[in-house]
Protein chains: 2
Amino acid sequence: MLTTTLHAEDKAILIIHGGAGVRSPEALKKAGETREQIEEGLAKSLLAGWKAMQKGTSADGVEAAIRVMEDSPLFNAGKGAVLTSDGRAELDAAMMDGSAEGTGDGKVNAKRRGGAITGVAHVKNPISAARAVMEMEGSRHVLLAGQGAEDFVLNEANRRKYAIERVENHYFWTDRRLKQIRQPEAEDVRHDPEFVAGTVGAVAVKDGRIVAGTSTGGLANKWPGRVGDTPLLGSGTWADDRACGVSGTGTGELFIRSAVAHDVAARMLYKKIDVKQAAKEAVDEMPDQKGGAGGVIALDAAGNFAFPVSERCPGMSRGYVTEKGEVYVAIYAKDEWKKIEVK
Amino acid sequence: MLTTTLHAEDKAILIIHGGAGVRSPEALKKAGETREQIEEGLAKSLLAGWKAMQKGTSADGVEAAIRVMEDSPLFNAGKGAVLTSDGRAELDAAMMDGSAEGTGDGKVNAKRRGGAITGVAHVKNPISAARAVMEMEGSRHVLLAGQGAEDFVLNEANRRKYAIERVENHYFWTDRRLKQIRQPEAEDVRHDPEFVAGTVGAVAVKDGRIVAGTSTGGLANKWPGRVGDTPLLGSGTWADDRACGVSGTGTGELFIRSAVAHDVAARMLYKKIDVKQAAKEAVDEMPDQKGGAGGVIALDAAGNFAFPVSERCPGMSRGYVTEKGEVYVAIYAKDEWKKIEVK
């Protein structure tokens, strides 16, 4: 997993982000991590998604890609999620299927399905739980919170042949996260960009069907009960086959107040502009702030993609994979794409 | 409060809805209620909002109008809210201020503020709590859930000169709601339209500043932890001074999956169409269902308004008030506007 080259102007079947909360090279070094580890994590996620899509759907690709990042301690989602001030991991995730098959004839479940969970503490892979909420009963439920969400996915969904794995809360903990809450002075938590913008996401397209998903470590020292943009369809996650799929990462409240994810698709549909311009406009429309508001990833049905970040945002871990399985990644805002050859 | 006439094509400063879950004349009679009581409730709400706006802001108008409906047992919000299967009232509300003053220069708090709460059980007027979340610290928080939301508004907000009133959960209970959960067979709860579409909302404009708000009795026999569209900005509530303010009522999941409230504003901004056409298109775009998907109210900065409901929706309690304080109300889909003279 080593050779690197510059990228070409490709089409993608799957794009991902590992959060706009990129740490500086110095911060990485302090944590005993390297840029190459993050690149490798991104590449593994892309390849897992790509493999899942060979026989599976775009939903399979999104789920597989995000599960890899959830399972990796390098990203603020699943294992390695930030902890609340009360010492718990509380996780959010959403998935949306942009199917445009709905006909308005009462088949309400065919058109743009979605599922999301917020504030779960014992679900190993929140993205799989979000998918179960989306698929069961045709999105009769879209957003479930807290204990009710856990009961639904761990009991109701599992009874129906899903296999959502339950874990104790300490499964999510890592040495770095524990240190962050036990020695906040030493770790300078308040200035850790991952605490405001650590999130992972993916968008995939196959046979014209666009699926988007986002997963995050949640509340991160915020007021208990604070819900960010990740589990909110339209804010942090959106998919519409006629336009694009979007996953966002950044200061959640700014994303909610601009309905950023839906805004990208709306600009494509109503202004008739392409995905690159629509995504850039939607991100630029957000009020920016010190450290940046964040960024989005967006992918249209033809495989065109965009990875805009707000002006003062230092970067966004990101990557894409082509139909042939070629993997490209980047981290900081001005990075060139780096091709990762996987052994 | 009695004389009635047909309406003229007016401009409004404040528009409201009392939910798309309108009951049939027979169901009203069975509950010992009358059409005139609901019309009077709507008129009182409009007048309270109008009065608040004489010296106050559009946010004052929205808050005052919604508080009247929350305090009335006739509407599924605040007192008279539906109860969960566990016998509790759990309330949701949102408010959004469409200010376009943000400049993108880092003054993040000036542009489109919002606040919302979900699953609170002891806040007498949820709309006032949503407003406190919106105004405090410039929308550092937008959405707060459950106990964390209650702690924030009852402790933190009240410490800072807000006066959010705490009540016991049984304050919200009414004979009809208790009967609905204690004798569900007799009351035919599953077919009560208020259980799927009972919500109240308001949009006001003054000096070009548009504010929208929505409040609901919440979960209504649904899976515990289910969050509907009401507290989600972009889904059930939206405001943007450049376009319009929107409040929705209906099957929440359909509103979330179409980002209806934001979609109305996006169509105005990007397609350059007026508020009536944009609101109608956004509602028509939702998949419809038996009993109807629901409806929205929308008001632009010039006072033009729209009250579309989906094709199979029997109606939506609704009303508007002009700058002079003239009050018009309607209930069923095909109703003409009725002018209410208030003593």
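In which helix does A:Leu42 lie? A:Leu42 belongs to helix α2 of chain A, residues 35-55; helices here are DSSP runs of H or I with at least four residues, strands are runs of E with at least two, and both are numbered from the N terminus. Before going further, please keep in mind that this is a predicted model, in which local features need pLDDT of at least 70 and side-chain atom pairs count only at pLDDT 80 or more, while totals for chains, interfaces and linings use all residues. Residues are numbered from 1 along each chain as its sequence is written, chains are lettered from A and ligands numbered from 1 in the order in which they are written, and side-chain values use heavy atoms, leaving out hydrogens and water.

Back to our residue. A:Leu42 counts as buried because its relative accessibility is 0% (buried is under 20% relative accessible area, exposed over 50%, partly exposed in between, with a 1.4 Å probe and protein chains only). Leaving aside residues up to four places away in sequence, A:Leu42 touches A:Ile16, A:Gly18, A:Met69, A:Phe75, A:Ser317, A:Arg318, A:Val329 and A:Ala330, where contact means heavy atoms within 4.5 Å. A:Asp60 is 18 residues from A:Leu42 along the chain, and their C-alpha atoms are separated by 17 Å.

A:Asp60 leads us to a helix pair. Among the residues of α3(A) that meet α4(A) are A:Asp60, A:Glu63 and A:Arg67, and their partners include A:Ser128 and A:Arg131. By class, this contact has 4 nonpolar, 1 polar and 5 charged residues (Ala, Val, Leu, Ile, Met, Phe, Trp, Tyr, Cys and Pro count as nonpolar, Asp, Glu, Lys and Arg as charged, and the others, Gly among them, as polar).

Helix α2 (residues 35-55) and helix α3 (residues 58-71) of chain B pack at an angle of about 155 degrees, with axes 7 Å apart. That makes α2(B) roughly antiparallel to α3(B), a label for angles over 145 degrees. The residues of this contact divide into 8 nonpolar, 5 polar and 2 charged. B:Gly41, B:Ala48 and B:Met53 are among those contributed by α2(B), and α3(B) supplies residues including B:Gly61, B:Ala64 and B:Val68.

Technical notes
Axes fitted to C-alpha atoms, helices over the stretch in contact; angles between N-to-C directions. Parallel < 35°, antiparallel > 145°, perpendicular 65-115°, else oblique.
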